[in-house]
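Student: I have a model open and would like to work through it. Can we take it one question at a time?

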Amino acid sequence: MEKKIFAFDLDGTLLNHNSSISKKTLETLTRLKNDGHIISIATGRSIQQAKDAWGLFPFEINGVFNNGSVIKINNKIKSNNLSKKFLYKFIEELKHIQVEYHFSSIEYSLIGRNRDLDEVKKLNHIGVYYDPDAKNSEMSLDYIKSKIDEGVDFQQVTIKHEDEYLHKNLISNVIKGFEKEVGFIGVLDVYTDFNVNGTNKYSGVLEIAKAEEIPLKQVYCFGDNYNDISMFEGEINSVAMINAVDILKEKANYITKKDNNNDGIHFFIEDILKI
(Lines give C-alpha, C1' and ligand atoms only; values in the text may rest on other atoms or scores of the structure.)
Protein backbone atom coordinates (compact mmCIF):
# COMPACT_ATOMS: atom_id res chain seq x y z
CA MET A 1 0.00 0.00 0.00
CA GLU A 2 1.33 3.43 -0.94
CA LYS A 3 2.19 5.82 1.85
CA LYS A 4 -0.40 8.59 2.27
CA ILE A 5 -0.81 11.90 4.08
CA PHE A 6 -4.04 12.59 5.96
CA ALA A 7 -4.45 16.25 6.94
CA PHE A 8 -7.38 17.33 9.11
CA ASP A 9 -8.92 20.64 10.00
CA LEU A 10 -9.79 20.71 13.71
CA ASP A 11 -13.05 22.46 14.62
CA GLY A 12 -16.03 20.94 12.85
CA THR A 13 -13.88 18.25 11.25
CA LEU A 14 -11.56 16.18 13.44
CA LEU A 15 -12.94 17.48 16.75
CA ASN A 16 -16.47 16.78 17.93
CA HIS A 17 -18.72 19.16 19.87
CA ASN A 18 -16.75 18.31 23.03
CA SER A 19 -13.53 19.52 21.36
CA SER A 20 -12.23 15.98 21.44
CA ILE A 21 -11.42 13.16 19.02
CA SER A 22 -13.76 10.20 19.38
CA LYS A 23 -12.27 6.90 20.51
CA LYS A 24 -13.18 5.21 17.23
CA THR A 25 -11.63 7.93 15.05
CA LEU A 26 -8.47 8.08 17.17
CA GLU A 27 -8.07 4.30 16.93
CA THR A 28 -8.37 4.54 13.13
CA LEU A 29 -5.75 7.30 12.90
CA THR A 30 -3.42 5.42 15.23
CA ARG A 31 -3.71 2.36 13.00
CA LEU A 32 -2.91 4.48 9.93
CA LYS A 33 0.14 5.92 11.71
CA ASN A 34 1.33 2.43 12.68
CA ASP A 35 0.94 1.36 9.04
CA GLY A 36 3.37 4.09 7.98
CA HIS A 37 1.00 6.86 6.87
CA ILE A 38 1.50 10.53 7.82
CA ILE A 39 -1.05 12.19 10.11
CA SER A 40 -1.26 15.99 10.19
CA ILE A 41 -3.58 18.75 11.30
CA ALA A 42 -4.30 21.83 9.18
CA THR A 43 -5.88 24.59 11.25
CA GLY A 44 -6.40 28.31 11.49
CA ARG A 45 -5.44 28.10 15.15
CA SER A 46 -1.99 29.10 16.38
CA ILE A 47 0.39 26.47 17.72
CA GLN A 48 -0.45 27.57 21.26
CA GLN A 49 -4.20 27.32 20.68
CA ALA A 50 -3.85 23.93 19.01
CA LYS A 51 -1.69 22.27 21.67
CA ASP A 52 -4.66 20.78 23.49
CA ALA A 53 -5.89 19.24 20.25
CA TRP A 54 -2.61 17.74 19.07
CA GLY A 55 -2.01 16.54 22.63
CA LEU A 56 -4.93 14.16 22.09
CA PHE A 57 -2.74 12.07 19.78
CA PRO A 58 -0.62 9.32 21.37
CA PHE A 59 2.06 9.93 18.73
CA GLU A 60 3.88 12.82 17.03
CA ILE A 61 2.05 14.54 14.19
CA ASN A 62 2.88 17.20 11.62
CA GLY A 63 0.90 20.41 11.55
CA VAL A 64 -0.18 23.43 9.51
CA PHE A 65 -1.13 26.32 11.82
CA ASN A 66 -2.38 29.87 11.36
CA ASN A 67 -3.80 28.94 7.93
CA GLY A 68 -0.39 27.92 6.61
CA SER A 69 1.72 30.68 8.20
CA VAL A 70 3.34 28.20 10.59
CA ILE A 71 4.31 24.66 9.58
CA LYS A 72 5.58 21.90 11.86
CA ILE A 73 7.31 18.98 10.11
CA ASN A 74 8.98 16.30 12.22
CA ASN A 75 9.31 18.77 15.14
CA LYS A 76 10.93 21.44 12.98
CA ILE A 77 8.98 24.71 12.73
CA LYS A 78 8.93 27.16 9.83
CA SER A 79 7.04 30.48 9.88
CA ASN A 80 5.95 33.24 7.49
CA ASN A 81 5.92 36.43 9.52
CA LEU A 82 3.84 39.57 9.08
CA SER A 83 5.98 42.69 8.75
CA LYS A 84 6.37 45.06 11.68
CA LYS A 85 5.22 47.94 9.47
CA PHE A 86 1.92 46.17 8.79
CA LEU A 87 1.45 45.19 12.45
CA TYR A 88 2.04 48.75 13.65
CA LYS A 89 -0.53 50.05 11.16
CA PHE A 90 -2.98 47.35 12.26
CA ILE A 91 -2.65 48.40 15.90
CA GLU A 92 -3.29 52.05 15.02
CA GLU A 93 -6.44 51.12 13.08
CA LEU A 94 -7.69 48.96 15.96
CA LYS A 95 -7.58 51.94 18.31
CA HIS A 96 -10.48 53.54 16.44
CA ILE A 97 -13.00 50.71 16.66
CA GLN A 98 -14.45 48.35 19.27
CA VAL A 99 -13.31 44.98 18.09
CA GLU A 100 -11.95 41.72 19.44
CA TYR A 101 -8.43 40.96 18.20
CA HIS A 102 -6.03 38.05 18.36
CA PHE A 103 -2.30 38.28 17.62
CA SER A 104 -0.69 34.87 17.06
CA SER A 105 2.97 33.93 17.13
CA ILE A 106 4.86 30.70 17.80
CA GLU A 107 5.50 31.77 21.40
CA TYR A 108 2.40 33.87 22.09
CA SER A 109 -1.32 33.75 21.53
CA LEU A 110 -2.67 37.10 22.69
CA ILE A 111 -6.31 38.15 22.69
CA GLY A 112 -7.87 41.43 23.67
CA ARG A 113 -10.81 43.70 23.06
CA ASN A 114 -10.56 47.41 22.48
CA ARG A 115 -13.00 48.39 25.21
CA ASP A 116 -12.93 49.72 28.76
CA LEU A 117 -10.94 47.62 31.22
CA ASP A 118 -14.04 46.92 33.33
CA GLU A 119 -15.73 45.46 30.26
CA VAL A 120 -12.69 43.37 29.41
CA LYS A 121 -12.66 41.85 32.90
CA LYS A 122 -16.26 40.71 32.46
CA LEU A 123 -15.30 38.82 29.30
CA ASN A 124 -13.43 35.93 30.87
CA HIS A 125 -12.68 34.37 27.47
CA ILE A 126 -10.72 37.46 26.53
CA GLY A 127 -7.14 37.62 27.70
CA VAL A 128 -4.08 35.53 27.19
CA TYR A 129 -4.16 32.03 25.76
CA TYR A 130 -0.45 31.78 26.26
CA ASP A 131 2.15 34.27 27.46
CA PRO A 132 5.53 32.85 28.52
CA ASP A 133 6.15 36.00 30.56
CA ALA A 134 2.87 35.48 32.45
CA LYS A 135 2.85 39.11 33.52
CA ASN A 136 -0.33 40.32 31.88
CA SER A 137 -3.93 39.15 31.94
CA GLU A 138 -5.47 41.81 29.67
CA MET A 139 -3.81 42.08 26.29
CA SER A 140 -3.91 45.79 25.58
CA LEU A 141 -2.79 47.07 22.21
CA ASP A 142 0.12 48.82 23.93
CA TYR A 143 1.21 45.52 25.47
CA ILE A 144 1.09 43.77 22.09
CA LYS A 145 3.03 46.65 20.52
CA SER A 146 5.67 46.23 23.21
CA LYS A 147 6.09 42.59 22.17
CA ILE A 148 6.56 43.64 18.54
CA ASP A 149 9.12 46.22 19.71
CA GLU A 150 10.95 43.44 21.56
CA GLY A 151 11.26 41.49 18.31
CA VAL A 152 8.46 38.95 18.66
CA ASP A 153 7.33 37.80 15.21
CA PHE A 154 3.59 37.41 14.61
CA GLN A 155 2.27 35.18 11.85
CA GLN A 156 -1.47 35.93 12.03
CA VAL A 157 -3.87 38.58 13.26
CA THR A 158 -7.57 37.81 13.63
CA ILE A 159 -10.38 40.27 14.19
CA LYS A 160 -13.97 39.69 15.23
CA HIS A 161 -16.74 42.25 14.86
CA GLU A 162 -20.46 41.63 14.72
CA ASP A 163 -21.17 44.84 12.78
CA GLU A 164 -20.68 43.82 9.13
CA TYR A 165 -20.16 47.36 7.85
CA LEU A 166 -17.55 48.26 10.46
CA HIS A 167 -15.86 44.90 9.97
CA LYS A 168 -15.49 45.42 6.21
CA ASN A 169 -14.41 49.03 6.71
CA LEU A 170 -11.66 47.95 9.11
CA ILE A 171 -10.43 45.30 6.67
CA SER A 172 -10.28 47.88 3.87
CA ASN A 173 -8.33 50.37 5.99
CA VAL A 174 -5.88 47.77 7.32
CA ILE A 175 -5.06 46.25 3.94
CA LYS A 176 -4.63 49.55 2.09
CA GLY A 177 -1.01 49.82 0.99
CA PHE A 178 -0.28 46.19 1.87
CA GLU A 179 -2.32 44.42 -0.80
CA LYS A 180 0.70 42.60 -2.25
CA GLU A 181 2.09 41.67 1.14
CA VAL A 182 -0.93 40.57 3.15
CA GLY A 183 -3.91 38.37 2.38
CA PHE A 184 -7.06 37.76 4.40
CA ILE A 185 -9.81 35.18 4.65
CA GLY A 186 -13.17 35.16 6.38
CA VAL A 187 -14.08 32.41 8.83
CA LEU A 188 -17.79 32.11 9.67
CA ASP A 189 -19.46 35.52 9.36
CA VAL A 190 -17.58 37.70 11.84
CA TYR A 191 -13.95 36.51 11.91
CA THR A 192 -11.21 37.57 9.51
CA ASP A 193 -7.66 36.17 9.53
CA PHE A 194 -4.72 38.17 8.12
CA ASN A 195 -1.60 36.31 6.96
CA VAL A 196 1.34 36.77 4.62
CA ASN A 197 0.00 36.71 1.06
CA GLY A 198 0.24 33.30 -0.58
CA THR A 199 0.23 31.31 2.64
CA ASN A 200 -2.75 29.07 3.26
CA LYS A 201 -3.54 25.55 4.35
CA TYR A 202 -2.86 24.16 0.88
CA SER A 203 0.63 25.67 0.71
CA GLY A 204 1.34 24.23 4.15
CA VAL A 205 0.19 20.74 3.19
CA LEU A 206 2.31 20.95 0.02
CA GLU A 207 5.40 21.59 2.15
CA ILE A 208 4.65 18.54 4.27
CA ALA A 209 4.13 16.40 1.16
CA LYS A 210 7.44 17.62 -0.29
CA ALA A 211 9.34 16.97 2.94
CA GLU A 212 7.82 13.49 3.29
CA GLU A 213 8.27 12.78 -0.45
CA ILE A 214 4.60 11.88 -0.88
CA PRO A 215 2.95 12.46 -4.32
CA LEU A 216 -0.05 14.78 -4.21
CA LYS A 217 -2.39 12.04 -5.44
CA GLN A 218 -1.71 10.29 -2.13
CA VAL A 219 -2.69 13.30 0.01
CA TYR A 220 -6.15 13.54 1.59
CA CYS A 221 -7.33 16.79 3.21
CA PHE A 222 -10.47 17.04 5.34
CA GLY A 223 -12.33 20.28 6.14
CA ASP A 224 -15.64 21.97 6.85
CA ASN A 225 -15.26 25.75 6.62
CA TYR A 226 -14.23 28.65 4.40
CA ASN A 227 -10.58 28.70 5.44
CA ASP A 228 -10.30 25.13 4.11
CA ILE A 229 -11.13 26.19 0.54
CA SER A 230 -7.48 26.42 -0.53
CA MET A 231 -7.09 22.68 0.15
CA PHE A 232 -10.09 22.01 -2.10
CA GLU A 233 -8.74 23.88 -5.12
CA GLY A 234 -5.41 22.11 -5.58
CA GLU A 235 -4.32 18.73 -6.86
CA ILE A 236 -4.80 16.81 -3.62
CA ASN A 237 -7.83 14.70 -2.65
CA SER A 238 -10.34 16.91 -0.85
CA VAL A 239 -12.87 15.53 1.61
CA ALA A 240 -15.69 17.73 2.92
CA MET A 241 -17.51 16.79 6.09
CA ILE A 242 -21.23 16.40 5.53
CA ASN A 243 -21.66 19.29 7.99
CA ALA A 244 -19.39 21.54 5.85
CA VAL A 245 -20.43 24.84 4.26
CA ASP A 246 -22.02 24.36 0.83
CA ILE A 247 -19.18 25.85 -1.22
CA LEU A 248 -16.76 23.32 0.24
CA LYS A 249 -19.04 20.40 -0.58
CA GLU A 250 -19.39 21.71 -4.13
CA LYS A 251 -15.60 21.69 -4.58
CA ALA A 252 -14.88 18.41 -2.77
CA ASN A 253 -13.76 15.17 -4.39
CA TYR A 254 -15.54 13.33 -1.57
CA ILE A 255 -18.16 14.08 1.09
CA THR A 256 -18.35 12.07 4.28
CA LYS A 257 -21.60 10.25 5.05
CA LYS A 258 -21.48 11.23 8.72
CA ASP A 259 -20.59 14.47 10.49
CA ASN A 260 -17.81 15.30 12.94
CA ASN A 261 -19.95 14.23 15.90
CA ASN A 262 -20.60 10.79 14.46
CA ASP A 263 -17.18 9.51 13.37
CA GLY A 264 -17.39 10.87 9.83
CA ILE A 265 -13.63 10.54 9.35
CA HIS A 266 -13.49 6.98 10.66
CA PHE A 267 -16.29 5.76 8.39
CA PHE A 268 -14.86 7.55 5.35
CA ILE A 269 -11.45 5.92 5.78
CA GLU A 270 -12.96 2.52 6.50
CA ASP A 271 -15.88 2.45 4.04
CA ILE A 272 -14.70 4.64 1.14
CA LEU A 273 -10.91 4.29 1.15
CA LYS A 274 -11.13 0.81 2.67
CA ILE A 275 -7.87 1.18 4.54
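Student: Which residues in H3 meet which residues in H6?

Tutor: This is a predicted model. H3 covers residues 84-94 and H6 covers residues 164-175. On the H6 side the contact uses Leu170, Asn173 and Val174, and on the H3 side it uses Phe86, Lys89, Phe90, Glu93 and Leu94.

Student: How do the residues of that contact divide into nonpolar, polar and charged?

Tutor: Both Lys and Glu count as charged, and the H3 side includes Lys89 and Glu93. Asn173 sits on the H6 side. The contact of H3 with H6 divides into two charged, one polar and five nonpolar.

Student: At what angle do the axes of H3 and H6 cross?

Tutor: The two axes come within 9 Å. H3 passes H6 in a right-handed crossing. The crossing angle is roughly 145°.

Student: How many helices and strands does the protein have, and what share of its residues is buried?

Tutor: The secondary structure comes to nine helices and 14 strands. Buried means under 20% relative accessible area. Of the 275 residues, the buried share is 52%.

Student: What share of the contacts with a separation of 6 or more joins residues 24 or more positions apart?

Tutor: Ile275 and Asp35 show such a separation, at 240 residues apart along the chain. Their C-alpha atoms are separated by 9.9 Å. Across the protein, among contacts with a separation of 6 or more, the share from residues 24 or more positions apart is 57%.

Student: Is Ile275 buried or exposed?

Tutor: Ile275 is in the segment after helix H9 (264-272). Leaving aside neighbours within four places in sequence, Ile275 has contacts that include Met1, Phe6, Leu32 and Ile269. The relative accessible area of Ile275 is 15%, so this residue is buried.

Student: Where is Tyr202, and why does it count as buried?

Tutor: Tyr202 belongs to helix H7 (residues 201-212). Beyond its neighbours within four places in sequence, Tyr202 is in contact with Leu216, Ser230, Met231, Gly234, Glu235 and Ile236. Tyr202 counts as buried because its relative accessibility is 15%.

Student: How far apart in space are Tyr202 and Ile236?

Tutor: Ile236 is one of the contacts of Tyr202. In sequence the two are 34 residues apart. C-alpha to C-alpha, the distance is 8.8 Å.

Student: Which residues does Glu212 touch, not counting those up to four places away in sequence?

Tutor: Glu212 lies in helix H7. Its relative accessible area is 14%, so Glu212 is buried. Glu212 and Ile38 are 174 residues apart in sequence, yet 8.3 Å apart C-alpha to C-alpha. The residues touched are Lys3, Ile38, Asn62, Ile73 and Asn74.

Student: Is Glu213 buried or exposed?

Tutor: Glu213 lies in the loop between H7 and strand E12 (219-223). Exposed means over 50% relative accessible area. Glu213 has 71% relative accessibility, so it is exposed.

Student: What is phi of Asn67?

Tutor: Most residues other than glycine have a negative phi. Asn67 lies in the loop between strand E3 (62-65) and strand E4 (70-73). Asn67 is buried, because its relative accessibility is 3%. Its phi is positive, about 55°.

Student: How many cavities of 30 Å³ or more are there, and what is the volume of the largest?

Tutor: There is one cavity of 30 Å³ or more. Its lining includes Thr13, Ser22, Met241 and Asp263. That lining divides into seven polar, three nonpolar and one charged. The volume of the largest cavity is about 60 Å³.

Student: Which residues are closest to the centre of the second largest pocket?

Tutor: The second largest pocket has a volume of about 200 Å³. It is lined by 15 residues, and those closest to its centre are Phe184, Ile185, Asn195, Thr199 and Asn200.

Student: Which element gives the largest share of the lining of that pocket?

Tutor: Strand E10 (182-187) and strand E11 (191-196) each supply at least two lining residues. The lining divides into nine polar, four nonpolar and two charged. The largest share is three residues, and it comes from E10.

Technical notes: Residues are numbered from 1 along each chain as its sequence is written. This is a predicted model: local features need pLDDT of at least 70, side-chain atom pairs count only at pLDDT 80 or more; totals for chains, interfaces and linings use all residues. Side-chain values use heavy atoms; hydrogens and water are left out. On a 1 Å grid over the protein atoms alone, a cavity is a set of points where a 1.4 Å probe fits but cannot get out, and a pocket is an open set with protein on both sides within 12 Å along at least five of seven lines; lining residues have an atom within 4 Å of a point. Grid points are joined across faces, edges and corners, and a volume is the space filled by probe spheres set on the points. Helices (H or I, at least four residues) and strands (E, at least two) are DSSP runs, numbered from the N terminus. Axes are lines fitted to C-alpha atoms, for helices over the stretch in contact, and angles run from 0 to 180 degrees between N-to-C directions. A crossing is left-handed if the near helix is turned anticlockwise from the far one by less than a right angle, and right-handed if clockwise. Contact means heavy atoms within 4.5 Å. Buried means under 20% relative accessible area, exposed over 50%, partly exposed in between (1.4 Å probe, protein chains only).
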